[in-house]
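Okay, thanks for coming, everyone. I've got one chain to walk you through, so let me put it up on the screen.

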Amino acid sequence: TLGVLRSPAECDACTAARLHCHGGGASTEQYDAYVRHARSTHSSPTLVFLGFTSLTFEITGAMQRLPASEFGAWRNGSYNGSHAPRAHNALTVLASARRDFPRARVVIFTDDVHFVRTRHILQQAGGLKHALLPAIDGLRDLELSTYSSADVVIAISDDDRAALLEASRARANSSAGVMPDVGGGPFSGE
């Protein structure tokens with residue numbers, strides 16, 4: 001059953017609910033409260049917007065302070081959430097939203113091509129060890145699989161957009177359109 005059907009006037013009078021789950025905050029409690037609200041009002045979001053923005057600094061910091069042997073879990077899209085807790089929270093909330101609201105469209109905003117930037121920062125700092133390369137490949141797999149599961153990915157620049165499209169094509173599983181940030185250029189339909 002659909003539950004209570006709202007009239008068009010009631011729908012027009014509604015305020016759109018927003019959920020802000022911050023990586024450092026109580027994202028699970030915030031998300032669970034939103035799910036309770038959505039269920040009690042018989043509503044469902046049409047859009048899930050995820051900011052995937054802290055991964056570079058979290059993983060680079062972990063790679064600079066921990067031995068390379070700590071990064072064995074970073075393979076084939078798997079990862080160790082303790083190395084990137086904010087990114088882990090974002091991925092956890094995203095998985096829950098997909099489960100709880102399967103019809104919602106997913107938009108992911110990224111401020112970086114995290115696997116490229118991580119490699120660059122480690123090279124500049126002299127910390128890019130051969131033993132870390134498989135973990136950086138795992139970071140790439142995690143990042144690209146996250147983006148490929150979205151309906152749209154918004155990159156912060158045309159250069160990042162081009163790099164993500166090229167990397168996604170190399171993986172041959174890109175299903176998301178990648179577009180520059182709103183201030184960038186028009187979406188080309190790729």
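So, reading from the N terminus, the elements go α-α-β-α-α-β-α-α-β-α-β. That is seven helices and four strands, where helices (H or I, at least four residues) and strands (E, at least two) are DSSP runs, numbered from the N terminus.

Some housekeeping before the details. This is a predicted model, so local features need pLDDT of at least 70, side-chain atom pairs count only at pLDDT 80 or more, and totals for chains, interfaces and linings use all residues. Residues are numbered from 1 along each chain as its sequence is written, and side-chain values use heavy atoms, with hydrogens and water left out.

On confidence: pLDDT is the predictor's own confidence in each residue, from 0 to 100. The chain averages 80, and 75% of the residues score at least 70. Over residues 182–190, though, the pLDDT is below 50, and that stretch has twelve contacts in the model beyond near neighbours in sequence. Contact here means heavy atoms within 4.5 Å.

Now the overall numbers. Of the 190 residues in the chain, 37% are buried; buried means under 20% relative accessible area, exposed over 50%, and partly exposed in between, with a 1.4 Å probe and protein chains only. Among contacts with a separation of 6 or more, 73% are between residues 24 or more positions apart.

Let's look at α2, residues 27–40. How far apart are its end C-alpha atoms? They are 20 Å apart, which agrees with the 20 Å that its 14 residues should span at 1.5 Å a residue; the expected span is 1.5 Å times one less than the number of residues. The buried ones in α2 are Ser27, Tyr31, Tyr34, Val35 and Ala38. Looking down the axis of α2, these buried residues fall within an arc of 100°, so they line one face of the helix. The arc is taken over the directions from the helix axis to the C-beta atoms. What do the buried residues of α2 pack against? That would be α4. Turned away from the buried side of α2 is a face with the exposed residues Glu29, Arg36 and Ser40. After α2 comes histidine 42, with a positive phi, near 55°.

There's another one to show you, α5, residues 114–124, where His114, Phe115, Thr118 and Leu122 are buried. Down the axis of α5, the buried residues fall within an arc of 95°, so they line one face of the helix. Following α5 is glycine 126, whose phi is positive, near 75°.

Next, a loop residue. Histidine 83 is in the loop between α3 (55–65) and α4 (85–100). Buried or exposed? Histidine 83 counts as buried, because its relative accessibility is 5%. Leaving out residues up to four places away in sequence, histidine 83 touches Glu58, Ile59, Ala62, Leu66, Glu70, Phe71 and Trp74. With tryptophan 74, the histidine 83 side chain makes a side-chain polar contact of 2.9 Å. A polar contact is a pair of N or O atoms within 3.5 Å; within protein, one must be able to donate a hydrogen and the other to accept it, and residues adjacent in sequence count only if both atoms are side-chain atoms.

Last stop: aspartate 141, in helix α6 (residues 133–148). Aspartate 141 is buried, at 14% relative accessible area. Its side chain has a polar contact of 3.2 Å with that of arginine 140. And asparagine 76, 65 residues apart from aspartate 141 along the chain, has its C-alpha atom 6.0 Å from that of aspartate 141.

Okay, that's my tour.
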